[in-house]
Amino acid sequence: MTASDLDQVQALAGTIAEVPRWSQQEYERILQSVPDSLVLRLAFVAESNAQLVAFAVIRLVHGDETAELETIVVDPKHRRRRVGSQLLSCSMREAAAAGATAMHLEVRASNATAIAFYERSGFRRVGRRALYYSAPSDDAMVFAAQLSA
């Protein structure tokens, strides 16, 4: 992800209710993240015909071997075309290259489509966080996957 992607990232994020509502400044902070800082955040995009169709953000904490998939968003018109799978694979490879040995994520318990996607991608349920989400309230299912270098 680059600064020139931010308008398209925010436009895509704004079309999907489940996506975190991060400000322009938050996305800019992600882009300013540096490898030797305590928290490193990496962002990736997927494009089709010069249009941004998906993005993902991961977070790595120095000294912690587990990366977090903070968000992955695919334009509904581009779903079921392996865009999300390729973006997730890229995120997992980059997290492993940065030293992570595992990745975790939270997903709404009611989001059966996303849960099935993560399970197909090698993630396993490792926990549940009661009433983690609001508007509407929902539990979070916690998933984790091992990463290979």
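**Overview of the fold.** Helices (H or I, at least four residues) and strands (E, at least two) are DSSP runs, numbered from the N terminus. The model shown is predicted, with local features requiring pLDDT of at least 70 and side-chain atom pairs pLDDT 80 or more, while totals for chains, interfaces and linings use all residues. Residues are numbered from 1 along each chain as its sequence is written, and side-chain values use heavy atoms, without hydrogens or water. The protein contains four helices and six strands, in the order α-α-β-β-β-α-β-α-β-β from the N terminus. Along the principal axes, its C-alpha atoms occupy a box of roughly 35 × 35 × 30 Å. Of the 149 residues in the protein, 42% are buried (under 20% relative accessible area; exposed is over 50%, partly exposed in between; 1.4 Å probe, protein chains only).

Most residues other than glycine have a negative phi.

**Trp22, Tyr27 and Phe55 are linked by ring pairs into a cluster.** The structure has five aromatic pairs (rings of Phe, Tyr and Trp, its six-membered ring, with centres within 6.5 Å; planes under 30 degrees apart are stacked, over 60 edge-to-face, the rest tilted). Tyrosine 27 and phenylalanine 55 are both buried.

**Tyrosine 132 and tyrosine 133 form an edge-to-face pair.** Their ring centres lie 5.0 Å apart, and the planes stand at 90°. Tyrosine 132 is partly exposed, its relative accessible area being 42%.

**The largest pocket has a volume of about 1,100 Å³.** On a 1 Å grid over the protein atoms alone, a pocket is an open set of points where a 1.4 Å probe fits, with protein on both sides within 12 Å along at least five of seven lines; lining residues have an atom within 4 Å of a point. The volume is the space filled by probe spheres set on the points. The lining of this pocket comprises 36 residues, and those nearest the centre are Ile72, Val73, Asn111, Ala114 and Tyr118. At least two lining residues each come from β3 (66-74), α3 (83-97), β4 (102-108), α4 (112-120) and β5 (124-133). β3 gives the largest share, with seven residues.

**The second largest pocket has a volume of about 160 Å³.** Its lining consists of 13 residues. Leu60, Val61, His62, Gly63 and Ala98 are the lining residues that lie nearest the centre of this second pocket.
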